[in-house]
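Please walk me through this structure. Which contacts hold the interest here, and where do they sit?

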Amino acid sequence: MLSAQMPEAEWNDERTRIICELFVEQVHAGNRPNTHLNNIGYRIAAAKFQERTQLLYTKLQLKNKWDKFKSDYITWKKLLVVGAGLPWDSARGTFVADDEWWKKTNKVCHTYSGSAIFTVLTILILSHPFLFF
């Protein structure tokens, strides 16, 4: 018997913002006993995510997103150090720099100019410092 494979989760800015809010809610509820949410936290986050988006994502898909956030957060912190002193574009959630600077920075931070994840992470981190990770 073949098992049904879940389609790959698709994360746009709105879905990313929603799952961030739901993860933070579960951390506040005490459902992160160590480095990740517990089963209850993932189950509640998945149910509320489905309620708000009409999308059913599995615990593994949500855990993968959590892990990706953590990786993005580390990159974000590196970018803040590398970009210190540069102007900040709050509308895009990134530094204002020329293409040459971004090319050099990409080698260090493994990111790219104007990344939407930095806008989302900036909002998340500034509104919930030290809460998520």
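Buried means under 20% relative accessible area, exposed means over 50%, and partly exposed lies in between (1.4 Å probe, protein chains only). This is a predicted model, in which local features need pLDDT of at least 70 and side-chain atom pairs count only at pLDDT 80 or more, while totals for chains, interfaces and linings use all residues. Residues are numbered from 1 along each chain as its sequence is written, and side-chain values use heavy atoms, with hydrogens and water left out.

Start with the nonpolar core. The term covers a set of buried Ala, Val, Leu, Ile, Met, Phe, Trp, Tyr and Cys residues joined through side-chain atoms within 4.5 Å. The largest one here has 16 residues. Ile-19, Phe-23 and Leu-62 have the most contacts inside it. Helices α1, α2 and α3 each supply at least two residues of this core. The largest share, six residues, comes from α1. Helices (H or I, at least four residues) and strands (E, at least two) are DSSP runs, numbered from the N terminus.

Now turn to the aromatic rings. A pair of aromatic rings is described by the distance of the centres and the angle of the planes. Rings of Phe, Tyr and Trp (its six-membered ring) pair if their centres lie within 6.5 Å; planes under 30 degrees apart count as stacked, over 60 as edge-to-face and the rest as tilted. The structure holds five such aromatic pairs. In one of them, the ring centres of Trp-11 and Tyr-57 are 5.1 Å apart. Their planes stand at 70°, so this pair is edge-to-face. Trp-11 sits in the segment before α1 (13-28), and Tyr-57 in the loop between α2 (39-53) and α3 (59-82). The pair thus links distant parts of the chain, 46 residues apart. Trp-11 is partly exposed at 25% relative accessibility. Tyr-57 is buried at 8%.

Phe-23 and Phe-69 form another edge-to-face pair, because their planes are at 90°, with the centres 6.2 Å apart. Phe-23 lies in helix α1 and Phe-69 in helix α3, so the pair ties together parts that are 46 residues apart in sequence. Elsewhere, ring pairs link Trp-11, Phe-49 and Tyr-57 into a cluster.

Charged side chains come next. A salt bridge is a side-chain nitrogen of Lys or Arg within 4 Å of a carboxyl oxygen of Asp or Glu. The structure holds five salt bridges. One of them joins Glu-14 to Arg-17, with the closest N and O atoms 2.4 Å apart. Both residues are in helix α1, three residues apart, so about one helical turn separates them. Glu-14 is partly exposed at 42% relative accessibility, and Arg-17 is partly exposed at 33%.

Other bridges run between helices. Glu-21 and Arg-52 meet in a salt bridge of 2.9 Å, N to O. Glu-21 lies in helix α1 and Arg-52 in helix α2, so the pair ties together parts that are 31 residues apart in sequence. Glu-25 of helix α1 and Lys-48 of helix α2 are 23 residues apart. They form a salt bridge with the closest N and O atoms 2.4 Å apart. Glu-25 is partly exposed at 33%, and Lys-48 is partly exposed at 32%. Finally, Glu-14, Arg-17, Glu-21 and Arg-52 are linked in a network of salt bridges.
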